[in-house]
Amino acid sequence: MSWTGMLKRRVAAMLPALLFLSLVGYFGWNATQGDRGLQSFALRQKQLVQVQGELARAIAEREIWERRVAGLRTQRLDPDTLDERARAMLTVADPAELVVPYGPGRRVF
């Protein structure tokens, strides 16, 4: 038997195993590193938690603004809110009030 014939038979016998191992390696790598793999899933979960926190903050801020706007509606006018807004818009303060100036470009309302 020739050496090349024996080599061809061994390569032919190993070819299905190599093909199977390469497929397993490919799918294994994609399962962990791919676009929809485990690492990508963990990153998306972190982003989801972060965005949910931002959503909660935005909802809380919206509720604050809704309460403030509700105080200025004609059906139920809140004198304190009206006074606060008038003073802020006219920049008028009582001499006994404490005024805290903010830097340029920084607004409270």
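Modeller: Happy to! This is a predicted model. Let's begin with a pair of side chains: Glu66 and Arg62 meet in a salt bridge, with 3.0 Å from N to O.

Colleague: What makes the contact of Glu66 and Arg62 a salt bridge?

Modeller: The label asks for a side-chain nitrogen of Lys or Arg within 4 Å of a carboxyl oxygen of Asp or Glu. Arg62 and Glu66 have an N to O distance of 3.0 Å, so the pair meets the cut-off of 4 Å. The structure holds 1 salt bridge.

Colleague: Where do Glu66 and Arg62 sit along the helix?

Modeller: They are 4 residues apart in helix α2, which covers residues 38-70. That is why about one helical turn separates them.

Colleague: Why is Arg62 called exposed?

Modeller: Exposed means over 50% relative accessible area. Arg62 has 58%, so the word applies.

Colleague: And why is Glu66 called partly exposed?

Modeller: Its relative accessible area is 41%. Buried means under 20% and exposed over 50%, with partly exposed in between, so Glu66 falls in that middle class.

Colleague: How many of the residues of the chain count as buried?

Modeller: Of its 109 residues, 6% do. The chain exposes about 10100 Å², and carbon and sulfur atoms supply 64% of that area.

Colleague: What pattern does the chain follow along the sequence?

Modeller: The pattern reads α-α-α, with 3 helices and 0 strands in total.

Key
Residues are numbered from 1 along each chain as its sequence is written. This is a predicted model: local features need pLDDT of at least 70, side-chain atom pairs count only at pLDDT 80 or more; totals for chains, interfaces and linings use all residues. Side-chain values use heavy atoms; hydrogens and water are left out. Helices (H or I, at least four residues) and strands (E, at least two) are DSSP runs, numbered from the N terminus. Buried means under 20% relative accessible area, exposed over 50%, partly exposed in between (1.4 Å probe, protein chains only). Accessible areas come from the Shrake-Rupley method with a 1.4 Å probe; for residues, only the protein chains shown count as cover.
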